[in-house]
Amino acid sequence: MKIYPAYDPPEYRDWQPDPQIMSEYAARMEEPEIAASLKTLGDSGLEELYRGLIRARIHDITLKRWVRTGVITKAWLGTGEEAVTVGACHALGEGDVVGPMIRNAAATFERGLPMEESFRSYLATGDGLTKGRDLHFGDLRHGVVAPISHVGDLVPVCAGFALTFQLRQEQRVAITWVGDGSTRTGAVHEGLSLASSRRLPLIVMVQDNAVALGTRRDPRLDDSLRGMAASYGVTGLECDGNHILDAHSCVRQAREICLAGEGPVVILARTFRFGGHATHDEAEARAIFSDSDFHQWALKEPIGCYETWLKTVHMSQVTNADEQLAEWESEETSKVEVLAENAVASREHYPPDPDQMLGDVFA
Ligand SMILES: Cc1ncc(C[n+]2csc(CCOP(=O)(O)OP(=O)(O)O)c2C)c(N)n1
Ligand SMILES: [Mg+2]
C-alpha cells in the first residue's frame with residue numbers, strides 16, 4: 001500500500017518484500033486448514049480481506065494525523081496488528097458477537113458498525129453513539145460489545161453472550177480479543193472457567209505482542225501462554241498473527257468447534273505492535289524492544305506481505321493486478337477520508353449536550 005512517511009513506523013517507510021519471508025508466507029497457504037479458508041473466501045473474500053486491512057490502517061493513520069495536528073490529544077492504535085482483527089472478523093457468521101479491545105477498532109467496522117462512529121467517539125460529538133460521553137463505543141445492533149477500558153473484562157461478558165446462545169440453541173459464537181498482559185487478570189480466568197465448564201461457544205483470541213503498557217514480558221514466560229487452553233481442558237490453536245489467512249483459518253476452525261458444542265477455544269496469535277500503548281508513549285515503547293526486533297517484525301508487515309502474496313501468487317495471472325490493488329486501496333482510503341470529514345463536521349454541528357451528561361447512567 002501507499003507509504004505515509006509522516007505516520008508510518010520508520011521500518012515501514014521503505015518496505016520491500018523479503019524473499020525468504022514471502023516464500024514462507026506463500027508456503028503456509030498450502031496447509032490444509034489455510035487452503036480451506038482460501039476456498040471458503042474465494043476471490044471476493046480475499047479482496048474484502050485486503051480492503052479490510054486498508055480500512056484498518058487508514059483509520060489509524062487518520063487518528064494519528066488528528067493527534068499530530070492537535071484535533072485530539074491521544075489515540076489507541078493497532079499498527080502492525082491489523083491481521084489479527086481483520087482476519088478473525090471475516091471468519092465469523094452473521095449473528096456472531098465481537099468484544100474487541102480498543103486497539104481492535106477494525107472489529108467494529110468490519111462487523112458493519114459505521115467507521116464514522118469511531119471517529120465521532122474520538123471527537124466526542126453529541127450525535128455519536130455515546131453522545132460525546134465516552135470513547136468506548138459499541139452497538140449491539142451490529143453485534144459489537146463496547147471495548148470497555150478494564151482489560152480482560154470482556155471475557156466474562158462474552159462468556160455471557162455465549163451462554164445465551166447456548167441456552168437459546170442458536171448457532172452463534174462470541175469472540176473477544178485479550179492482550180497477553182491481560183490474560184493475567186482474574187476476569188479472564190473467571191470467564192474461561194465458566195465457558196469451559198459449560199462448553200460455551202466462546203472464542204478467546206489472545207493477542208500476544210509480548211508487552212503490557214510499558215512492561216515487556218519476561219522472556220522466561222514466553223511459552224507460558226501456550227498452557228492456557230490445556231489448563232482449562234479446551235481446544236487451543238496458535239496462529240501467526242501477521243498472516244491474515246492463518247488468523248482467518250484459526251477463527252474459522254474455532255467457530256466450527258464451538259458450533260459443534262465443543263467450545264470454548266483459545267487462540268494464541270503472536271504479533272507485534274509498531275507503536276506504544278497509545279500515541280503518547282511511542283518513543284518509550286521503542287525503547288522496550290531492540291532495533292533488531294523492529295526490523296524483524298517489519299519484514300512481516302501484515303498488509304505488505306498479504307498484498308505481495310496477492311500480486312505475485314494469487315493474482316499473478318491477472319494482467320493488471322497492480323492497478324486492481326491500487327484501485328481497491330484508493331477506494332477504501334477515499335471512503336475513510338469522507339467519514340473522517342463527516343465526523344469533524346459533526347463536532348462543529350453537534351457538540352455534546354451538557355444535560356445529557358448523566359443520561360443512561362444507571363448506578
Ligand atoms: C483491569 C485493568 N488494569 C489495568 C489497566 C491499565 N492498562 C491498560 S492497557 C494495559 C496493558 C495491557 O496489555 P496487554 O493486555 O498485553 O494488551 P496490549 O496493550 O499489549 O495489546 C494496562 C495495564 C486497565 N485498563 N484495566
Ligand atoms: Mg500485550
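Trainee: At what angle do helix α3 and helix α10 pack, and how far apart are their axes?
Mentor: This is a predicted model, in which local features need pLDDT of at least 70, side-chain atom pairs count only at pLDDT 80 or more, and totals for chains, interfaces and linings use all residues. Residues are numbered from 1 along each chain as its sequence is written, chains are lettered from A and ligands numbered from 1 in the order in which they are written, and side-chain values use heavy atoms, leaving out hydrogens and water. Helices (H or I, at least four residues) and strands (E, at least two) are DSSP runs numbered from the N terminus, and axes are lines fitted to C-alpha atoms, for helices over the stretch in contact, with angles from 0 to 180 degrees between N-to-C directions. For α3 (residues 32–68) and α10 (residues 244–259), the angle is about 120° and the axes are 10 Å apart.

Trainee: Why are α3 and α10 called oblique to each other?
Mentor: Angles under 35 degrees count as roughly parallel, over 145 as roughly antiparallel, 65 to 115 as roughly perpendicular and the rest as oblique. The angle here is about 120°, and therefore α3 and α10 are oblique to each other.

Trainee: How do the residues of the contact of α3 with α10 divide by class?
Mentor: Contact means heavy atoms within 4.5 Å, and the residues that make it include L38, L41 and L49 of α3 and I244, H248 and R252 of α10. Ala, Val, Leu, Ile, Met, Phe, Trp, Tyr, Cys and Pro count as nonpolar, Asp, Glu, Lys and Arg as charged, and the others, Gly among them, as polar. The division is nine nonpolar, five polar and three charged.

Trainee: How do the axes of α3 and α14 cross, and how do the contact residues split by class?
Mentor: The two axes come within 9 Å and cross at roughly 40°, so α3 and α14 are oblique to each other. Among the residues in contact are Y50, R51 and W66 of α3 and W328, E332 and K335 of α14. By class, the contact of α3 with α14 has nine nonpolar, three polar and seven charged residues.

Trainee: Which strand gives the most to the lining of the largest pocket?
Mentor: A pocket is an open set of points on a 1 Å grid over the protein atoms alone, where a 1.4 Å probe fits and protein lies on both sides within 12 Å along at least five of seven lines; lining residues have an atom within 4 Å of a point. About 500 Å³ of space lies in the largest pocket, a volume being the space filled by probe spheres set on points joined across faces, edges and corners. Its 32 lining residues have M101, R103, V151, S182 and H277 closest to the centre. With four residues, the top contributor is β2.

Trainee: What classes line the second largest pocket?
Mentor: This pocket has a volume of about 270 Å³. Its lining of 16 residues has D208, A210, R217, D222 and R270 nearest the centre. The classes are eight nonpolar, no polar and eight charged.

Trainee: Which residues does a cis peptide bond join?
Mentor: Most peptide bonds are trans. In the loop between α10 and β7 lies P264. With omega about -10°, the cis bond joins G263 and P264.
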